[in-house]
Structure formats: C-alpha cells, structure tokens
Amino acid sequence: MWWIPAGSDDTIRAALRALAQELNAAVGDARGGDDPTALLTDLRTGRRCSRWLLVFDGAPSSEVLEPFLPTTGPGHVLITSLTSEWPAGYETQQIESFTREESLHLLRSGLPGAEIDALDRLAQRLGDHPLMLNTAVAELSSYPAHVDAYIALIDRLESDAPGEVPAPYRTMDAVYRVRYEGLRRQFPAAARLLQLCSFLSADGVGMRVIESAGMISRLVRLDASLEDTLRLRNVLNQLSVATLAVVDPKAGRLKVHRILQDLVRGWMTPEEREETRAEALAVLAAMVPMDLLRHEQEHRKDFAELDRHLEPSGALESSDQQVHRWLVSQVYHRRTSGRWDEARVLGERILTRWRDDAAIGDSQTMVLRLESEVAAACRALGRYKCALELSQHSVKIQRERDSNDVYTLMAARGYAADLRATGRFRDAFLEDSGTHLGLSRVIGPDHNATLDAAINLALSKFYMETVSAAVDLDRDAYAIRKRQYGENDFRPWISYANLGTYSRESNELAASERYLSRSCERFRTLTGKDSHLYLGALASLGMTMVRKGDVDEGLKRLQDARAGFSRQWGDYHPSTMACDLSVAIGLHASDRFADAADSMPDLYERYEKVFGATHPFTSICLNNMALYLLAAGDPDTALSHARKAVYQLETAFESGHRYALVARMNQSNCQSVLGRDTSTEDIGIHEDCAQATAWGEGHPVTLMALANRLASGSDDQSELRANLERRVSEQPFAGHPLAAALLADPYRRLGADLEVQDV
C-alpha cells in the first residue's frame, strides 16, 4: 500500500517517485523513479509488485489525478476527496460518521469512568465524528466525569467562532481549539511547532526540518531546554498526546492534518499569520547550503524534503531574498536530479512571478541566477531557443556588473552551450576558454564548477581544435573527481564516458569500448537505467561496437538507448535524434543502404526543426544522407545534399576541418560516379585529412581518402599504394570489412559518415 498526498501535481510526482525508488531498490534496480510512465507500466504489468493499493489522499479533481492513474493491473486505487462530483467511470462512496454504537465503544474504552448517558450526549454533540471523538477522549481522559462541562465549553466556543469558519467545521474548530489552547499554556514550544507546521506540507514535515538549526533556534525562545535536541522528542510527544499531530516513525515525519492546519491558521490574526509564515519560510531557507556546495550528494535529501514544502509554505509569493535563493537552488536540485521538465516548469513560474513584481523586475540578481538555471533545464530538454534567450540576458546583465564574478562565470558556462546549440561553435569555444580560465582563478581548478567548465571546454576543443586536446582535459577532470568523490559517485564517470567517445573519434576502438563498458556499468548502478547518463553511455558504446564491426550488437544497444530517450523525452529530443543518426550509421555499415537512406528524410526534418537548416548537426545529417543515397543508387540527389553539407560545414568550421573533409570526400565520390574528374580534389582531401589537426595519417578516414586518390589514378601510385598497405597492416582491422574495402583491386571509392555529439 502506498499513500499519495494528491493536493497538487508536485506532491503526486514526489510520492510516486518515492514509490518507484522503493520498488526498484527491492529488486536491485538503481533507477531514480523520475519517470512516472515507467512506474505506471510496472504497476499495470505487476512486474515490480504483484498486488498493490494506491491511496490518493485529498484529490481536488479527476483532472489532477488522471495522468498518474494505472488504468489496469493487479491492484486497486482509492481516492479521498472533499469534492463530491466525479466523472463517469469513478465509483464513489460517501463516507459517513460512526454509528452510535461505534462511537460509544470508542468513548467507553477511552473514558471508562464516565456515565454512559453522558457519553451518549457527547457522541450526539460531536456528530459521531471519529476525529473529534478521539480528541475529546484525549481532553477528558484525566477528568472523565466532566463530560457535560466539556460539552458546554464546546457550545460556547462554537458560538464564538469567527464567521469565516465554514458551518461543517465549526464544531471541529471548537474541539481542537480546546486542545490547542491547553497546549499553548502548558507547552508553548509544542504549540509554536504546530503553528509553524501549519504552513508546511500536510504530507508531513520531515525530521530534517524539525531538527534543523533554524527550527531549534525558534523553539528555544520558548523552551531553553531544547538546546538539547534530545528533549525535542517531548515536544513531538505532546503534540501526539494532544491528538494535534501524528509522528510517523517509518517516514520520519510529523503530520498535521490539512483541516487542522486550516484551523490553526484561522486562530491567528492576519499579523500573526504573516509573521508565522515568514518564520516557517526562514526555517526552510536556512537549510539551503551555499551555492558553491549545493552540488554535494549530502544535500540531496535536504532538497528533496524542501521540495515538498514549496507550495504549502507560499515560498513562490515570498519577497524575502533568502527564500529567493532557496527557490533558485530548488530549481537547480530538480535539474541536476534529472527532473528537467519539473525544473523548467517551476523556474518559469517563479520567473513570471518575479518579473511581474515591480519591486523585483527582470534585472535583480536572483532573477538573473534563476534565468541561468531555467536555461540549463531548457537546454537539457532540447529547447535551445528558449535556453539562449535566458542565458544571453543573464550573462549580459551580470557582465555589465562584474565580468569576473563567480556567478557571471557560471552563467557564461551555460551560455557557451547555448551558442553551440545555435551553431555558433567558434563563439562557444571563446566563451568556454574564458569561463574555464576565470573559474580556475576565482574558485580554483579543482572545484566542481570549474571541472564542469573543463568538461565543456573539452567539448569545444573536440569540435574546434583536436580530439587529443579534449582528451587531456577530460582525463584530468576524471582523475580529480575520482580523487575527490571516489568511484561510487556519478561525476567522475561523466568524464570517463567522454573519454570513450573521444577515443572512438581517434580510432582507438578497444580503449573506447573499455571506457564506455565501465561507464555503462557505473551509471546503471549509480543513476539507474533510465538516466540520461546511462542511456548516453549506452548509445556511445553501441556506436563504438558498430565502428569495430560488431554491428548487430552495436545496433541493439543503440536501439535500447533510443527507446529510453524517446520514452522519456520524445522523438524530437536531441539525444533521441543522435541515436537515430547512429542507427542509420549501423544500417549502412551492415550494407542495408536503402534502409539507411529511407531513415534519413524524417530525421533531417527533425534536425532542421530543432537546430535549424544551417546548424553543423543538420549539415552532418545531410552529409550522411548523401552517403546513403549514393550507396542506394541515387547519385544526383546525393550530390545535391553533399554540396550543401560541404558549404555549411566549411562555413561553420573551415575547409580543413575534419567534418568538412568528410563532406568533401562524399561530394567527390558523387561527382566521380557522375563521370567528373575528381583527381585534383582527391589529392587535396587526402593531404588535408593526413594533417594532425584533422584526422591524422593513420586514421581510417584518411585511409579512405588515400584509397579514393588511388582510385582516381591521377599521380604516381606505387608509393601511395605501399603507404596504404602499410597503414592498413598497422590497424586492428582483422576481419573488419573496411580492411578489404581499402585494399580492393581495383581500388574503389569509399565514403564516410559522421556522428553528432552533445552541445
């Protein structure tokens, strides 16, 4: 059975996430539980649990629930709600009060010294309501003969109740008010804790909040003995004895019913409510670590607890700067936990609220920091235009104030990625270089934020300089993070997986497979098989296997990764699209030329929509489509695509860039098939590919260019032929189809496809 507070989308998601984590942990699965669709599938099929009951408590409407309901399966769903109107298909049952016999049974067992007639009058007065009866027992347990006096007190308090108390709750208001006033007299610290909890989640307030320094400092004002936090247990016990709260030891929470929360807030004056809400928010905000430490794993449970109190505490309406800092960090936590869309939605809500507030505006410091966080969430979701608008504005204003400030530099780190996403690779490289240098100077080269910047710079160097330059940076980042965090933290393995990808680009395929196999293993254990880190490493491993010639196994991994990305983020997410491009590479490698060509038009259309027609990634898609169309027997269309790819890649990079050279090679092949002399171009392509700043002399792409040069027969071939044979013999090509293709007699023209990496 799993209880789900159903007051909002956020509370439902949080409860389902916790359920998924518990079910996954029971079978040794490290999935984080952030995909509700996967959980619902598990429930419908009974794969994780053969029998189950989900209790959605306090649902406001069917619209809130329906995205989270398992419609079939070996279990049941129970919904509690104050809303009586539900659509057809929901079986409703009005919950009645106790029968009089049940009421008297409860009262006799709790008040054995009271007269039966008095207990009957008490049951009548309280409407046989179980909660009120239980509270009356707690109040009268020491004075069971005072039942009629208690009834008279309830009558007086109910008649004095403020007019805003709804009629159905006036008796309950009086019953709980008696207990509350007694608590205030005898245990003021317990009463204050109840007041503060009335502005927090009805799902319960975790002991991390109750025992926090901010909470203790406020309770100590009323009871100095609470400096010893062990005595805090007495405060919790008094609330429990008074039936005003329940301690849930399994969940580690203090729970105050939502109706009682409403009543407690109603007993305060407007000034008291405002002051108490502000104190509750101050307690929560004080739990947020410094920004440069919030990435530490030890703070994740604090942020998970704080997340539950965002809505009930009214944090989004607060004007307090420390609360604003908490909200920015909460968006950061959601994003870095893989909850990208939840981070985006929360961040955009807060930004709208702050920008509409004339006292805050769109240039206030916290607004700018939040823009960077929302931009990062949008970037992860592949919403690059939105990400660039946010990061560009944030960086611009912050640089006008202090270009060397650590927050400015961290904002610029994301801005560089957004520049890459819009095709501005040169500008991104400059940003990454400056950001990494700046953070190294300000907070040190070994800080987590600087290491993130180093990984970004490695990616820029991969695109704009050489693969070896990227390897050097990521190798250092891996070594530092492994030393700092150990092997049981996911962060070192990000760089380790990158090393696998970069090694493949350098044709170090055995090393690439080792890096990526180990990364997959660690990510699956540490982050779960649905995480973008695991899926990304799995896709990269599949690509390495394809390049090694183990195409069937490589395609299997690529298709598994593709399914995971698509299920969570859709077919237009860049990671899904990159997998589709890699699958096409695998189809071509297995001589399924028509299948590869057929897969490309839809994929090209998606790249155009997400990145734009001239983005290098779209150009890479064009290059590959040209290769596959040529292999499938359509050289004219292939040449049209190849020409466009050459022009766009040379514009984005330069004519000697390794991507542009591959596009030139495929263009030359198309022209040759159409009967044009390509000998001069073939010589230039081969010589440019052989440069260390491009592919290098022994890389398979360079050897393909050499084979094409030999096939055109334009110059003295004996030395070139010997060079090719020697280079092929030096490669680990045993049994690989490329080896036979390179040494074919007569030589035949060869083309190459390109991969798309991250931004």
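This note goes through one predicted model, point by point.

1. **Ground rules.** Residues are numbered from 1 along each chain as its sequence is written, and side-chain values use heavy atoms, leaving out hydrogens and water. Because the model is predicted, local features need pLDDT of at least 70 and side-chain atom pairs count only at pLDDT 80 or more, while totals for chains, interfaces and linings use all residues. Helices (H or I, at least four residues) and strands (E, at least two) are DSSP runs, numbered from the N terminus.

2. **The second largest pocket.** The second largest pocket has a volume of about 2000 Å³. A pocket is found on a 1 Å grid over the protein atoms alone, with a 1.4 Å probe; it is an open set of points with protein on both sides within 12 Å along at least five of seven lines. Grid points are joined across faces, edges and corners, and the volume is the space filled by probe spheres set on the points.

3. **What lines the pocket.** The lining holds 49 residues. Lining residues have an atom within 4 Å of a point. Asp 57, Thr 80, Ser 81, Leu 82 and Ile 95 lie nearest the centre. Strand 3 (75-80), helix 6 (130-140), helix 8 (170-186) and helix 13 (258-266) are the elements that give two or more residues. Helix 6 gives the most, with 5 residues. By type, the lining has 26 nonpolar, 17 polar and 6 charged residues. Here Ala, Val, Leu, Ile, Met, Phe, Trp, Tyr, Cys and Pro count as nonpolar, Asp, Glu, Lys and Arg as charged, and the others, Gly among them, as polar.

4. How many salt bridges does a search of the whole structure find? The search finds 67. A salt bridge is a side-chain nitrogen of Lys or Arg within 4 Å of a carboxyl oxygen of Asp or Glu. One pairs Arg 349 with Glu 311, at 2.5 Å from N to O. This pair links distant parts of the chain, 38 residues apart. Arg 349 sits in helix 17 (residues 340-356), and Glu 311 in the loop between helix 15 (300-307) and helix 16 (321-336). Arg 349 is partly exposed, at 38% relative accessible area. Glu 311 is partly exposed too, at 33%. The cut-offs, with a 1.4 Å probe and protein chains only, are these: buried is under 20% relative accessible area, exposed is over 50%, and partly exposed is in between.

5. **Two buried salt bridges.** Asp 418 and Arg 379 form a salt bridge, with their closest N and O atoms 2.6 Å apart. Asp 418 is in helix 20 (residues 406-421) and Arg 379 in helix 18 (residues 365-380), 39 residues apart. Both Asp 418 and Arg 379 are buried. Asp 580 and Arg 606 meet at 2.9 Å, N to O. Asp 580 belongs to helix 28 (residues 574-589) and Arg 606 to helix 29 (residues 593-611), 26 residues apart. Both Asp 580 and Arg 606 are buried.

6. **A network.** Salt bridges also link Asp 291, Arg 294, Arg 325, Arg 335, Arg 369 and Glu 373 in a network.

7. **Helix 12.** Which residues of helix 12 (residues 232-241) are buried? They are Leu 232, Val 235, Leu 236, Gln 238 and Leu 239. The arc is that of the directions from the helix axis to the C-beta atoms. An α-helix has 3.6 residues a turn, so residues three or four places apart point the same way. The buried residues of helix 12 pack against several elements, including helix 8, helix 9 (188-197) and strand 5 (246-248). Contact means heavy atoms within 4.5 Å.

8. **Helix 4.** In helix 4 (residues 100-110), Ser 103, Leu 104, Leu 106 and Leu 107 are buried. They cover an arc of only 160 degrees, which puts them on the same side of helix 4. Glu 101, His 105 and Ser 109 are exposed on the other side. The buried residues pack against helix 5 (116-125) and helix 6.

9. **Backbone points to check.** Thr 243 follows helix 12. Its phi is near 55 degrees, a positive value in a residue other than glycine. Asn 507 is not a glycine either, yet its phi is positive, about 70 degrees. Asn 507 lies in the loop between helix 24 (491-505) and helix 25 (509-527). Asn 507 counts as buried, at 15% relative accessibility. The peptide bond from Asp 745 to Pro 746 is cis, with omega near 5 degrees. Pro 746 lies in the segment after helix 36 (737-742).
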